[in-house]
Amino acid sequence: MALRQETSMGQDYQKMPIKDLKALARQCHENHDPEAARVFVDRVLDMEVERRTWYAHENPGFQPFSSTAKLGEHPGGGTAAADPLVLAYDRGIRVHAAHEEARQFLEYARLKPRNLLAALIQSAKTDRRVTGPWGKSYDQIAADTGLYAQRLGFSPGVMHGNTLMCYDTIKHDSGWREQVETKHVVPLFRNGQAVKDAAKQARVELLLLAKI
């Protein structure tokens, strides 16, 4: 019975609005549940992957879909946990307010770029049905991390051996985004386990922040 109740609660968390989920994740909430914090972090990372791989490319003259995309892939040919986003896209939904909330939470967390990159890679690989670039093993991704960094919006970056130089972006009050010359070095990963370890560290930091 306890197991069934736990499963039911987990399913409810998956459907819960992100604001309500964040409230339950906080330790000061009277109905705080550690599982809510875990689901919240998963949701934030998933939505950030969606925003970076889809929504960030929606600009005049760019079509975020492809006639060559394979069945089961999201419009554009990628394969990151597509189903919920495909439904939203079909309904004409582009940028959802929850995606902006997720972005702001990650920005506030101030994760090391290397750890954020690893966590986003891991999130993009969560759906076991994926094929193509995201269906590759962690070791294969680690061998070509620069490509995945660019796919996830660490753009465009300048490759220098095993590091990626990323440009920061400033969002002005007018909504205009400007790339600035301030650069930070993002070490790439020596193997797949290094990607997993960095992703785990990022998730720990996000879980602690979510509970505050």
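1. Glu 48 and Arg 52 both belong to helix α3 and stand four residues apart, about one turn of the helix. Helices (DSSP runs of H or I, at least four residues) and strands (E, at least two) are numbered from the N terminus. The side chains of Glu 48 and Arg 52 meet in a salt bridge at 2.7 Å, N to O. A salt bridge here is a side-chain nitrogen of Lys or Arg within 4 Å of a carboxyl oxygen of Asp or Glu. Glu 48 counts as buried at 2% relative accessibility, and Arg 52 is buried with a relative accessible area of 15%. Buried means under 20% relative accessible area, exposed over 50%, and partly exposed in between (1.4 Å probe, protein chains only).

2. The model is predicted: local features need pLDDT of at least 70, side-chain atom pairs count only at pLDDT 80 or more, and totals for chains, interfaces and linings use all residues. Residues are numbered from 1 along each chain as its sequence is written, and side-chain values use heavy atoms, with hydrogens and water left out.

3. Glu 48 also meets Arg 51 through a side-chain salt bridge of 2.8 Å, N to O. Glu 48 and Arg 51 are three residues apart in helix α3, so about one helical turn separates them. Both Glu 48 and Arg 51 are buried.

4. Helix α3 (residues 34-53) packs with helix α6 (residues 113-124) at an angle of about 90°, and their axes are 9 Å apart. Axes are lines fitted to C-alpha atoms, for helices over the stretch in contact, and angles run from 0 to 180 degrees between N-to-C directions. The helices α3 and α6 are therefore roughly perpendicular to each other; angles under 35 degrees count as roughly parallel, over 145 as roughly antiparallel, 65 to 115 as roughly perpendicular and the rest as oblique. From α3 the contact (heavy atoms within 4.5 Å) involves Leu 45, Asp 46, Glu 48, Val 49 and Arg 52, and from α6 Leu 116, Ala 119, Leu 120, Ser 123 and Ala 124. By class, this contact has six nonpolar, one polar and three charged residues. Ala, Val, Leu, Ile, Met, Phe, Trp, Tyr, Cys and Pro count as nonpolar, Asp, Glu, Lys and Arg as charged, and the others, Gly among them, as polar.

5. In helix α5 (residues 97-109), Arg 103 and Glu 107 lie four residues apart, about one helical turn. Their side chains meet in a salt bridge of 2.9 Å, N to O. Arg 103 counts as buried at 11% relative accessibility, whereas Glu 107 is exposed at 52%. Elsewhere, salt bridges that share partners join Glu 35, Arg 38, Asp 42 and Arg 203 into one network. The count comes to seven salt bridges.

6. The protein has nine helices and three strands, in the order α-α-α-α-α-α-α-α-β-β-β-α along the sequence. Of its 212 residues, 40% are buried.

7. Confidence should be read alongside these points. The mean pLDDT (the predictor's confidence in each residue, from 0 to 100) is 74, and 63% of the residues reach 70 or more. Over residues 57-85 the pLDDT stays under 50, with 45 contacts in the model beyond four places in sequence.
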